[in-house]
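Please keep the sequence and the coordinates in view while reading.

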Amino acid sequence: MCRMFGLHAGSESVRATFWLLDAPDSLADQSKREPDGAGIGTFDAEGNPHVAKQPLAAWEDHAFAREARVLKSTTFLAHVRYASTGAHTLVNTHPFEQDGRLFAHNGAFSGLAVLDRRLAEYGVGDLVLGQTDSERLFALITAEIRRSDGDVGKGVVEAVTWVAARLPVLSLNFILTTATDLWAVRYPDSHQLYLLRRPPANPDGEDPLDARSPRIRAHSRDLSRSGHVLVATEPMDGNPGWNALDPGAFVHVGPDLEVEFTFPFPEAPARRLTLSELSPSAAASQIS
């Protein structure tokens, strides 16, 4: 299954070092789990997005590893891909960037021809550079945000509600970031998504962030001095504060790190997509 990790550090940029697929087990085992690409999205001091990604397992690309070592941003978005739709190419690798926002998705849905017609109606088909369902979902969200005069929350609700009503859905879990805000969706209940609010450790900064899972690790000494919010597909450490989001949750984390939870989506998709309806490789990509 794909892995996502989002971090909001508040109003000031902090440094964080990422290792992707840096686990204690063998690289061979890791590459069998998420072999199809890895990427990290950040924002510079002017709020412009930057994405470093490769369509390979992260451990195979030394240049990518060097880029990921020292990053500075107010928000971070990391993704390790296990492909369900689309070739193993750079344009199909997460995170995606549109209108200055970054997006990563964990899940699957079908009916892409129907969605393509909707994107054409909105005149945003050119936003889709690859073949993934994920990038198409992002394009629909972007279109709805434009139609909502830049209101990200309204755009997300419109897009997810439209997909839930018209397309077969397994999971629409995703994280969307700007330089100042982070949004996350868990919908419906097929895959988990977790959130952790981490307050400042202590004034001396002796407890740096060191969040790790078997797939993604993030380390930041800067974050020992300030609070931050983490969102991930699985708990990144043994902190008891990790909480699974309820199905249907829509989370917004603002510049002040206030966390808002709403439940604006239908209780369930009109048509649930099952693993048996996916190709063997796509079904494998949706299993933990």
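The points below take the helix contacts, then the pocket, then the backbone.

This is a predicted model: local features need pLDDT of at least 70, side-chain atom pairs count only at pLDDT 80 or more, and totals for chains, interfaces and linings use all residues. Residues are numbered from 1 along each chain as its sequence is written, and side-chain values use heavy atoms, with hydrogens and water left out. Helices (H or I, at least four residues) and strands (E, at least two) are DSSP runs, numbered from the N terminus.

**Helix α4 with α5**

- The axes of α4 (residues 133–147) and α5 (residues 152–166) come within 7 Å and cross at roughly 130°. Axes are lines fitted to C-alpha atoms, for helices over the stretch in contact, and angles run from 0 to 180 degrees between N-to-C directions.
- That angle makes α4 oblique to α5. Angles under 35 degrees count as roughly parallel, over 145 as roughly antiparallel, 65 to 115 as roughly perpendicular and the rest as oblique.
- On the α4 side, the contact (heavy atoms within 4.5 Å) is made by Leu-137, Leu-140, Ile-141, Glu-144 and Ile-145. From α5 come Val-152, Gly-155, Val-156, Glu-158, Ala-159, Trp-162 and Val-163.
- By class, this contact of α4 with α5 has nine nonpolar, one polar and two charged residues. Ala, Val, Leu, Ile, Met, Phe, Trp, Tyr, Cys and Pro count as nonpolar, Asp, Glu, Lys and Arg as charged, and the others, Gly among them, as polar.

**Helix α3 with α4**

- The axes of α3 (residues 112–122) and α4 come within 10 Å and cross at roughly 30°. The two helices, α3 and α4, are therefore roughly parallel to each other.
- Leu-112, Leu-115, Asp-116, Arg-118, Leu-119 and Tyr-122 are the α3 residues in this contact. They meet Asp-133, Arg-136, Leu-137, Ala-139, Leu-140, Ala-143, Glu-144 and Arg-147 of α4.
- The contact of α3 with α4 divides into eight nonpolar, no polar and six charged residues.

**Second largest pocket**

- A pocket is, on a 1 Å grid over the protein atoms alone, an open set of points where a 1.4 Å probe fits, with protein on both sides within 12 Å along at least five of seven lines; lining residues have an atom within 4 Å of a point.
- The lining of the second largest pocket includes Val-51, Lys-53, Asp-126 and Glu-135. Its largest share, three residues, comes from β7.
- Seven nonpolar, one polar and four charged residues make up this lining.

**Backbone**

- The peptide bond from Tyr-187 to Pro-188 is cis, with omega near -10°. Pro-188 sits in the loop between β10 (182–185) and β11 (194–198).
- Asp-99 has phi near 50°, a positive value in a residue other than glycine. Asp-99 lies in the loop between β7 and β8 (101–109).
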